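Reader: I would like a close look at the packing inside this chain. Please keep it brisk.

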Amino acid sequence: MLRVRRGSPASFRSAVRGSERRARATPLVLSGGIRKRRRTAGGASGVADGIADLVERVLGVEPPLGISAWDGSSHGPPGNPRVLLRSRRALRHLLYRPGELGLARAFVTGDLDVRGDLTEALRRCRALARREGVTVPRFGPGHLWGLVRDFAVLGALGPRPDPPGSEARPTGRLHSRRRDSQVIAHHYDLGNEFYGLLLDPRMAYSCGYWPDDGTERTLAAAQEAKLDLICRKLGLDSGTRLLDVGCGWGSLLLYAAQHYGVSATGVTLSTQQADHVRRRAHELGLAELVEVRRCDYRELAVPDSGEYDAVASVEMGEHVGSANYPDFVATLHRMLRPGGRLLLQQMSRGDSAPGGGAFIESYIAPDMNMVPIGATLWKLERAGFEVRDVQAMREHYVYTVRAWLRTLLDRWDEVIALAGTEQARVWWLYLAGGGLAFEENRMGVHQILGVRPHEDGSIDDGTLALPEVRR
């Protein structure tokens with residue numbers, strides 16, 4: 001049995017370094033906190049049974065999925081989905097970082113895998129957590145040493161695994177321009193080929209619109225319906241000056257210029273996005289109508305104030321940070337002429353995990369901050385906007401993310417060739433978990449239409465009639 005002195009980091013590291021040698025030299029005999037009630041056909045307990053016992057003891061529930069382990073042992077009924085622990089490193093990730101981040105690291109590296117439908121596996125875990133009130137406990141010194149003992153019994157102790165190379169490590173002050181540029185590059189500069197494979201032909205990387213009008217829609221049609229809905233809400237027309245803050249690959253800019261004749265300006269921090277927009281504008285003969293600036297929204301020039309008839313920002317506000325959000329919406333207000341309209345499409349979340357959780361914050365969108373829809377509306381009103389309409393689109397994001405996930409899995413080998421195995425697994429977990437979060441109403445998304453009134457409170461078109469919206 002592993003013997004260490006409690007409370008000493010040095011003794012903990014020493015014990016971990018020596019434990020792997022002991023594990024290789026000692027047969028697997030479950031003792032201490034892991035019960036002995038499960039046995040393999042040969043009479044010795046297998047790793048999968050030991051892991052199941054550990055889960056039950058720590059969380060107080062039976063594992064919701066079957067388990068297969070690196071020693072060939074299995075626990076639970078056959079069938080999928082089930083968890084596959086390919087190596088001891090899967091448990092080491094959890095020992096050194098218990099909870100969501102440790103699980104994510106094990107999955108991204110492939111040390112932990114899921115056989116079958118990943119979304120269904122996550123759904124079962126979430127259902128059990130809700131039903132039984134399961135939460136990851138806070139590990140004090142006593143719990144830590146108990147885990148060390150249990151992991152030693154399983155032969156799973158060893159050095160701390162290196163974090164996956166795909167994990168983001170931004171530096172600098174939170175939401176400084178330099179740090180924000182690093183964060184954007186981490187996620188959006190994976191390559192235009194990668195996003196071109198995953199997204200629709202217009203490369204709209206945001207929630208599509210799937211009207212319930214009896215028409216079967218592809219992802220491409222749903223994204224076009226979303227773009228047209230935004231244009232109609234903004235009242236765009238030939239000669240309208242449109243500003244898109246956080247324009248992505250220019251889907252709205254190009255659509256609005258092509259179908260509504262607007263003069264469109266986009267802002268992005270991503271070099272690859274800006275290059276794509278310029279190339280597509282030239283190919284479509286829209287170079288005179290479409291301009292893209294690679295800059296921070298905070299760099300929008302004061303002389304441009306009031307220059308635009310319409311301003312849009314589609315799923316960019318989540319990335320500016322709570323401290324900077326008042327300045328962000330003040331900038332949108334300043335760039336809009338009196339009487340002009342704002343369309344803000346933005347994800348929302350309650351006070352729990354406003355950044356989306358440890359996995360999202362480490363691999364997808366570091367420093368992201370989502371708030372309840374009411375908080376966003378309050379900040380818009382404080383900035384001087386009159387909120388005229390709010391449309392919830394949560395269910396539409398379920399359909400959108402499922403479409404992206406189908407493409408990812410259908411074209412898995414191509415994804416790996418473009419982005420590598422680690423990034424492919426990051427996106428698999430991201431889309432499976434993200435779609436489930438919208439399905440279960442743990443995240444939402446809304447289109448908010450606002451107007452900047454004239455000084456006397458009037459707006460240009462009286463009642464500001466809205467286009468017909470099919471839910």
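Is C207 buried or exposed?

Author: C207 counts as buried, because its relative accessibility is 0%. Keep in mind that this is a predicted model.

Confidence comes next. The chain has an average pLDDT of 87. A score of at least 70 is reached by 86% of the residues. Helix α10 (residues 251–260) has the highest confidence, with a mean of 98. Helix α1 (residues 9–25) has the lowest, with a mean of 44. The pLDDT stays below 50 over residues 1–44. Even so, that stretch makes 73 contacts in the model beyond near neighbours in sequence.

Now the other cysteines. C247 is buried too, with a relative accessible area of 5%. Its closest cysteine sulfur belongs to C295. The gap between the two sulfurs is 9.4 Å, so they are too far apart for a bond. The structure as a whole holds zero disulfides.

On to the nonpolar packing. The largest nonpolar core has 76 residues. Y205, F359, W404, W427 and L431 are the members that touch the most others in it. Helix α17 (residues 421–439) supplies the largest share, ten residues. Domain 1 (47–154) and domain 2 (177–452) both contribute residues, so this core lies between them.

Take W427 as a worked case. Leave out residues up to four places away in sequence. W427 then touches H187, L190, F194, Y195, L198, Y205 and L408. Two names in this account, Y205 and W427, are also among the core members with the most contacts to other members. A second core is separate and has 27 residues. Among them are C231, L236, L343 and L449.

Polar groups can be buried as well. S176 sits in the loop that links α6 (141–153) to α7 (177–188). Its relative accessibility is 10%, so S176 counts as buried. A polar atom of the S176 side chain lies 3.2 Å from the backbone nitrogen of R179.

R179 has a further partner. The side chains of R179 and D367 form a polar contact of 2.7 Å. D367 is found in the loop between α13 (358–364) and α14 (373–382). D367 counts as buried because its relative accessibility is 17%, and the cut-off is under 20%. Setting aside neighbours within four places in sequence, D367 is in contact with L174, H175, R179 and V183.

Terms used
Residues numbered from 1 in each chain as written. Predicted model: local features only at pLDDT ≥ 70, side-chain atom pairs only at ≥ 80, totals over all residues. Heavy atoms only, no water. pLDDT = per-residue confidence, 0-100. Helix = DSSP H or I, 4+ residues; strand = E, 2+ residues; numbered from the N terminus. Contact = heavy atoms within 4.5 Å. Core = buried A, V, L, I, M, F, W, Y, C linked by side-chain atoms within 4.5 Å. Buried < 20%, exposed > 50% of the residue type's maximum accessible area, 1.4 Å probe, protein only. Domains from an automatic or database assignment. Polar contact = N/O pair within 3.5 Å; in protein donor to acceptor, adjacent residues only side chain to side chain. Disulfide = S-S within 2.5 Å.
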